[in-house]
Amino acid sequence: MIPIIIIIAIAAILILIVIGCYNKLVKQKITVEEAFSTMDVYLKKRFDLIPNLVETVKGYAKHEEGTLSKVVSLRNQNYSSMSQEEKLANSAAVSQAIPKIMALAESYPDLKANQNFMELSIQLETVENDIASARKYYNGAVKRYNMTVQTVPTNMIAGMFHFEVKPMFEVDSVEERQNVKVKF
């Protein structure tokens, strides 16, 4: 009789541990998804701001077609149909292109003085700051989630219920790691 009670108690404890680990994983996964959604809003805002900035620059820098074409081609992709990984990759590519556009402005004093360009630059700077904050939040949420997915005992539960490690938002190139000097 006592062994049956002990077996039932152990089974109940194991079930409670599994439920606790599963709930922890679900909560952290939802936090990661919410963090990505927050960052996604700012990425979309930047995605929509780019054509206006490029059009303003085009009028002044007609012979810089290569740089502008690259940015336009990144922007012409259908953002809403991209996967999470594609959005992160596109964002990294756009982040590399923006300093090049801003560097073009240095070569054209009339462009730097253009009210439309100045307003777009201020909006872009604000969006970039928002993206940086959202990246920090996203990466923090991913770090907590990934640690939970990879540590004992939750790693066993994560494996049983197919919780996968999420990608961090990382800087891809040495060029993007350097400080961008934008002067207006």
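## Buried aromatic pair

Phenylalanine 47 and tyrosine 79 are both buried (under 20% relative accessible area; exposed is over 50%, partly exposed in between; 1.4 Å probe, protein chains only). The model is predicted: local features need pLDDT of at least 70, side-chain atom pairs count only at pLDDT 80 or more, and totals for chains, interfaces and linings use all residues. Residues are numbered from 1 along each chain as its sequence is written, and side-chain values use heavy atoms, with hydrogens and water left out.

## Aromatic pairs

The whole structure holds 4 aromatic pairs (ring centres of Phe, Tyr or Trp, its six-membered ring, within 6.5 Å; planes under 30 degrees apart are stacked, over 60 edge-to-face, the rest tilted). Tyrosine 22 and phenylalanine 163 form an edge-to-face pair, because their planes meet at 75 degrees, with centres 5.7 Å apart. Tyrosine 22 lies in helix H1 and phenylalanine 163 in the loop between helix H6 (154-160) and helix H7 (174-177), so the pair ties together parts 141 residues apart in sequence. Helices are DSSP runs (H or I, at least four residues), numbered from the N terminus.

Tyrosine 22 is partly exposed at 32% relative accessibility. Phenylalanine 163 is buried at 10%. Phenylalanine 47 and tyrosine 79 make a tilted pair, 4.7 Å centre to centre with 40 degrees between the planes. That pair links phenylalanine 47 in helix H1 to tyrosine 79 in the loop between helix H2 (65-75) and helix H3 (84-107), 32 residues apart.

## Aromatic cluster

Tyr22, Phe161 and Phe163 form one aromatic cluster.

## Isoleucine 6

Isoleucine 6 sits in helix H1 (residues 2-60). Its relative accessible area is 45%, so isoleucine 6 is partly exposed.

Note on methods: Helix = DSSP H or I, 4+ residues; strand = E, 2+ residues; numbered from the N terminus.
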